[in-house]
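Look at the sequence and the model before reading on.

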Amino acid sequence: MAEQQQFYLLLGNLMSPDNNIRKQSEKTYDNIPGQTKITFLLQAIRDASAAEEARQMAAVLLRRLLSSSFDEIYPSLPPGMQTAIKTELLTGIQTEALPNIRKKVCDIAAELSRNLIDDDGNNQWPEILKFLFDSVNSQNVGLRESALHIFWNFPGIFGNQQQHYLEVIKRMLVQCMQDQENPPIRTLAARAAASFVLSNETNTVLLKHFSDLLPGILQAVNESCYQGDDSVLKSLVEIADTAPKYLRPNLEATLQLSLKLCADTSLTNMQRQLALEVIVTLSETAAAMLRKHTNIVAQSVPQMLAMMVDLEEDEEWAMADDLEDDDFDSNAVAGESALDRIACGLGGKIVLPMIKQHIMQMLQNPDWKYRHAGLMALSAIGEGCHQQMEAILNEIVSFVLLFCQDPHPRVCYAACNAIGQMATDFAPTFQKKFHDKVISALLKTMEDQANPRVQAHAAAALINFTEDCPKALLIPYLDNLVQHLHVIMVAKLQELIQKGTKLVLEQVVTSIASVADTAEEKFVPYYDLFMPSLKHIVENAVQKELRLLRGKTIECISLIGLAVGKDKFMPDASAVMQLLLKTQTDFNDLEDDDPQISYMISAWARMCKILGKEFQQYLPVVMGPLMKTASIKPEVALLDTQDMENMCEDDGWEFVNLGDQQSFGIKTAGLEEKATACQMLVCYAKELKEGFVEYTEQVVKLMVPLLKFYFHDGVRVAAAESMPLLLECARVRGPEYLTQMWHFMCDALIKAIGTEPDSDVLSEIMHSFAKCIELMGDGCLNNEHFEELGGILKGKLEEHFKNQELRQAKRQDEDYDEQVEETLQDEDENDVYILTKVSDILHSVFSSYKEKVLPWFEQLHFNLICPHRPWADRQWGLCIFDDVVEHCSPLSFKYAEYFLRPMLQALCDSSPEVRQAAAYGVGVMAQFGGESYRPFCTEAIPLLVGVIQAADSKAKENVNATENCISAVGKVMKFRPECANVNEILPHWLSWLPLNEDKEEAVHTFTFLCDLIESNNPIVLGPDNANLPKIFSIIAEGVVSESIKREDGCSKRLANVIRQVQVSGGLWTQCVSTLNETQQKAIQDLLNTA
């Protein structure tokens, strides 16, 4: 008894508001053995004389215990105790007088039965199923509620008997949903039905069979909302999210109800927003289905706009110096976000015509709230209505700019917001068309001294504008921009000193940084105007409330340094580094969420880019904090859904619903900083190379496990990018050290290729893996590696084919329309991108291992080059065989029957990408293939010439394929002259030069041209050197288009050709006189550098 009393005391302390008492009690509780815990908790729950709070707490703890530690505790309990627990729970439900406790005991019973379904789907607690049937038919309302509550909590309770009981389940739900006397039963039955639908979301037959329950669910949604209960409405949102097809037979009714509730201002904001959420979610999960009901969508648009007008008057607004976060529960924010999402979901073709008139009327309304909402709506739909708005951008922009001078500051603010948003959404078209109007309007708005908040937002819009502005467009405005920014900066610095206000200064500093970043070396003349003030801010803005200002100023200084370059920045570099390092020494005192951290980390990386090798001296100081930030471990928790509801998202927690009443929570603080820090480590490795060698080991140990850091894509991308760079840094330590490091990475990289869920990250990992193999070369993979890699690549190819079939199936779906086709095209591009990375990996394996790898390659059995496959498959299939010929000849010929015919046919393919891959293949056959390929080189020549001489061969989309054909003809003449009539072809070949697009092939053609000139080939030089002027212009064009680079061997040879002509005066004049000014300068440059 005494022990039980102590336990009650402990339960009380676990609920204590005092943190220390609670922490201490949690420790004590954790140390009680599992079996004892269960006994005490059950006694407390069943003890009617104990305080209700203590009994509730005990029930929550028992449910958590079963949820989190079932396997550790329950199976090892004596069978008698297991039976006693089950009996105890069912008796408790039947005899409990307090509804709250009864509900919590139902939760425990549901949790226990969830864990008692074995691997074959048998429910090892048959008594609970009997209890459900008895209770649902009982006269006792409390018992009927309990049965529904358990079924709602665990709809899979019937296990493998579900099919057998399906009719009974349906009857039970229908009967309860029609219980006229007891509204709570109707509500609970609707929630249980929704829960059952959600747990069977993939079972289409079952969903169809249960579709006649939907009208009852909708009725319960309506009723419960007016009783102040939004739980059924939440269930409806979940159905829209995960099983939207279930709503199809009653979609009209579902939408009508959502619309009615959303429009009813007597309901709470939360309920109206949830009702709108049903429609918005469907626009994302079942867009094609919803596009058939545009009339209702059109009626929901004014509802969203009406929510956006729901703003408070706020006298202080324009002077506020701290930007509090938007009130995320407010109607205005909800309406705006809904518009944004529905425009993206349904597409601009449908949404823009629905909204355009409304917005135009709102902008003419005398009430500022309507004008504000109209402008914010324009900002919100830009992404989704991109194509349609681009067509009428002229009228939109001229209209919006009028509002930059609106009498109400919040309307000016919204106008700046719309401009900033459009500058991002429609870049660079927006900048090219409207630079003049926009820059002057924003500069004028920035002078609005009476409304600092408007000034700051105009500066923010200017940042968006300059970030994506082509440099040449910005240069003419530099003087004017810089003068304005300087005047405002000086004025705001005074205000900071006098009044302590900082909001506008924070934005202006970033505007300066953004202008410098775009202007680059053109910013040099203004450097001395800004740098002293900026250094002054960093030195003196040390108070806590100025952390953001200081961070942004540090960013600004480093961006200006990067823009103006080392020579101009060098005199200040050491002082700036000292300033940064001073912050750095106080770094240990910085709080984890200090905004300065990520600014500092990025600034060091820029300093590293500016200083190059000289940055090495600072590494000992900067690496500590950088590694600390890169090593942040986020707080995570696996919770059941009920606990999750007690943890609010505004503490920085985000949740993912894992289904089955389980949720995964993560505290997002520090994640962005971690990602930035990882990116910066990549930057150091890239910039400093062997100068970073001291740190490679600790960085590798940090990065390899981060390939599995699923909380943030950016972290995994950085981890992947770092691998080949770290190997390069470590090269100086010799082969043994390098091999050890590679062994540490290799398995993890291969596994990551197999398990990475995100396609963008996957392509980065595959790309890095390929680079690593190229770097490490022959012998870097053992048999196990090859086996695992082979399995994964085979899997990727199978997945690729399966996705193509799925897309074909979607094209047969009843909701298929042109917008669905656009989505499918995007998916297809994504898929093909992964295929290119498979090709990258194979390329690196072939180039490292040569013919030794062919037996492994044969096991991949991939058939990408069959004529019926899509062009991208054929393109990449051919690329892979190009590699086989290039790196594994003459053995490659054993696959000739498989790829040669398709390759020669592909030279005339309608897709230029396929022609290019085929032409490259002919070139490598000639160069590397060996004797066996001779007849095929002969056969290819007329086909190649045909492609080159086609009427549109130089059109933008064809030029790369054509240049590969020209290069292939050159390679056949050079390496297999017996396969071509060289004398006949050479004059034509010369007329096709130079190659301007494909720089790699250009080098091959220029090298061959040098061979021909140096051997005084009469056809190339022409009678009496008549072709020399033509050769000069080919060389000049090559220099202009950067096809001839200083580091290429052939640039020296070409320069010598020119020097030989220079000596014979008359010929020289003749050659140079045919060139234009740019070409003459190019020839001069070549002579000076090569």
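A cavity is a set of points, on a 1 Å grid over the protein atoms alone, where a 1.4 Å probe fits but cannot get out; lining residues have an atom within 4 Å of a point. Grid points are joined across faces, edges and corners, and a volume is the space filled by probe spheres set on the points.

This is a predicted model: local features need pLDDT of at least 70, side-chain atom pairs count only at pLDDT 80 or more, and totals for chains, interfaces and linings use all residues. Residues are numbered from 1 along each chain as its sequence is written, and side-chain values use heavy atoms, with hydrogens and water left out.

**Cavities**

The structure holds three cavities of 30 Å³ or more. Helices here are DSSP runs (H or I, at least four residues), numbered from the N terminus. Helix 19 (348-363), helix 20 (368-381) and helix 22 (393-402) each give two or more residues to this lining. Helix 19 gives the most, with six residues.

Residue classes are as follows: Ala, Val, Leu, Ile, Met, Phe, Trp, Tyr, Cys and Pro count as nonpolar, Asp, Glu, Lys and Arg as charged, and the others, Gly among them, as polar. The largest cavity is lined by 11 nonpolar, no polar and two charged residues.

The second largest cavity has about 50 Å³ of space. M177, R186, G216, Q219, A220 and E223 line it. Helix 12 (residues 214-226) supplies the largest share, four residues. By class, this lining divides into two nonpolar, two polar and two charged residues.

**Helix packing**

Two packed helices are described by the angle between their axes and the distance between the axes. Axes are lines fitted to C-alpha atoms, for helices over the stretch in contact, and angles run from 0 to 180 degrees between N-to-C directions. Angles under 35 degrees count as roughly parallel, over 145 as roughly antiparallel, 65 to 115 as roughly perpendicular and the rest as oblique.

| Helix pair | Angle | Axis distance |
|---|---|---|
| Helix 35 (671-688) and helix 36 (693-706) | about 125 degrees | 12 Å apart |
| Helix 37 (713-730) and helix 38 (735-755) | roughly 170 degrees | within 10 Å |

Helix 35 and helix 36 are therefore oblique to each other. K674, C678, L681 and V682 of helix 35 meet V699, L702, M703 and L706 of helix 36 (contact means heavy atoms within 4.5 Å). Seven residues of this contact are nonpolar, none is polar and one is charged.

Helix 37 and helix 38 are therefore roughly antiparallel to each other. Helix 37 makes the contact with M723, L726, L727 and A730, and helix 38 with Y737, L738, M741, W742, M745 and L749. This contact has 10 nonpolar, no polar and no charged residues.

**Backbone features**

Where are the cis peptide bonds? One joins A427 and P428, with omega about -10 degrees. P428 lies in the loop between helix 23 (409-425) and helix 24 (429-445). Another joins S889 and P890, with omega about 0 degrees. P890 is in the loop between helix 43 (871-888) and helix 44 (896-906).

K689 is a residue other than glycine with a positive phi, near 45 degrees. K689 sits in the loop between helix 35 and helix 36.

How values were computed: On a 1 Å grid over the protein atoms alone, a cavity is a set of points where a 1.4 Å probe fits but cannot get out, and a pocket is an open set with protein on both sides within 12 Å along at least five of seven lines; lining residues have an atom within 4 Å of a point.
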